[in-house]
Amino acid sequence: AVVSTQSTGYFIQTNLSMEFSEELKVKTQKTHDISDKLFNSALSLALADRNVYRLAVLRFYHLYRLIEDKMEDLRHDCPPLQMVYFPTLFRSNEFEEDVEFYFPEGVPEVASPTLIEYENQINSDTNSDPVNLIGYLQTMQLAILSGGRILRPIIVKVLGLQKEFPRGVKALDWPEGFNSQAAKKLYKERVDSLDLTREQKDSIIAAKLKVFELNEKLIREVVRSPESKATMVWLLERVVFVVCLLVAFYFVMKYR
């Protein structure tokens with residue numbers, strides 16, 4: 001037996017026996033892959049300049065705070081949310097430390113239309129049904145749980161944070177003895193054990209897809225910031241300089 005969904009913008013057939021954690025992955029994979037490509041491109045630009053990278057950290061701090069505060073507000077009256085309540089995976093306090101590190105002159109106000117849209121979307125979805133928060137929470141927590149240890153050494157090396165480590169990457173750091181594989185396994189088991197209707201599952205999947213869409217908008221805000229444009233100009237100048245050197249070297253060698 002199969003079910004179909006139009007929520008991702010294309011037809012998917014899914015075996016009814018599929019666990020919900022796997023269904024969440026399969027039905028959002030195409031959108032996830034596109035989002036990852038944009039993130040990787042933006043990360044390359046952000047790591048070229050600490051002033052650009054800190055803009056991303058600031059925005060994601062506010063996002064994680066928004067989602068985690070909503071979780072604390074709703075979990076007591078929503079058993080499915082209580083089932084996936086893992087305070088050890090909360091990252092907003094660590095993001096706050098990173099923000100304070102990157103903005104020693106004082107944390108600025110962030111004018112972000114996407115964060116406003118994010119808040120409105122979360123409020124709308126959770127007012128409809130609190131379980132929809134799972135789509136936001138699961139996506140953002142697993143992102144750091146899966147990718148944090150990979151990104152952390154790269155960011156430390158490129159931004160020259162070796163002497164300050166773990167400052168600047170606290171949000172990607174875990175306590176001594178923390179087992180990320182065991183945490184992901186437990187998370188999967190809890191998600192698979194949730195007592196949800198078909199309608200609730202489809203709604204959570206739709207929320208997860210919305211997360212990828214809004215994260216892309218958030219990343220584009222950083223990429224299109226004045227700081228980012230200045231970095232792009234700086235990089236372009238360096239590329240042009242290197243090309244000129246290579247051309248000059250070619251003519252010197254050709255006519256010597």
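Select Arg220 and Glu216 in helix α9 (residues 198-223); because they are four residues apart in that helix, about one helical turn separates them. Helices here are DSSP runs of H or I with at least four residues, strands are runs of E with at least two, and both are numbered from the N terminus. Arg220 forms a salt bridge with Glu216, and their closest N and O atoms are 3.9 Å apart. A salt bridge is a side-chain nitrogen of Lys or Arg within 4 Å of a carboxyl oxygen of Asp or Glu. Arg220 is partly exposed at 32% relative accessibility, whereas Glu216 is buried at 13%. Buried means under 20% relative accessible area, exposed over 50%, and partly exposed in between, with a 1.4 Å probe and protein chains only.

This is a predicted model, in which local features need pLDDT of at least 70 and side-chain atom pairs count only at pLDDT 80 or more, while totals for chains, interfaces and linings use all residues. Residues are numbered from 1 along each chain as its sequence is written, and side-chain values use heavy atoms, with hydrogens and water left out.

Stay in α9 and select Glu221. Glu221 is buried, with 15% relative accessibility. Leaving aside residues up to four places away in sequence, Glu221 touches Arg59, Ser112, Pro113 and Thr114; contact means heavy atoms within 4.5 Å.

Next, go to Arg198 and Asp202, which also lie in α9, four residues apart. An α-helix has 3.6 residues a turn, so residues three or four places apart point the same way. Arg198 and Asp202 form a salt bridge, with the closest N and O atoms 2.9 Å apart. Arg198 is partly exposed at 35% relative accessibility, and Asp202 is partly exposed at 29%.

Together with Arg198 and Asp202, they are linked in a network of salt bridges. Lys27 pairs with Glu23, the closest N and O atoms being 2.9 Å apart, and both of these residues are buried. The count for the model comes to 14 salt bridges.

Now select helix α5 (residues 92-102), where Ser92, Phe95, Asp98, Val99, Phe101 and Tyr102 are buried. What covers them? The cover over the buried residues of α5 includes α3 (50-74) and α7.

Show helix α7 (residues 133-158) with helix α6 (residues 113-128). Their axes come within 9 Å and cross at roughly 130 degrees, which means that α6 is oblique to α7. The contact is made by Tyr118, Gln121, Ile122, Asp125 and Thr126 of α6 and by Leu133, Tyr136 and Met140 of α7. Axes are lines fitted to C-alpha atoms, for helices over the stretch in contact, and angles run from 0 to 180 degrees between N-to-C directions. Angles under 35 degrees count as roughly parallel, over 145 as roughly antiparallel, 65 to 115 as roughly perpendicular and the rest as oblique.

Move along α7 to Val158. Val158 is partly exposed at 45% relative accessibility. Ile150, Ile154 and Val158 make a nonpolar surface patch of about 270 Å². Patches are made of residues with over 30% relative accessible area and no salt bridge: like charges are joined within 9 Å, nonpolar side chains (Val, Leu, Ile, Met, Phe, Trp, Tyr) within 5 Å. Accessible areas come from the Shrake-Rupley method with a 1.4 Å probe; for residues, only the protein chains shown count as cover.

Finally, show the whole chain: 10 helices and two strands.
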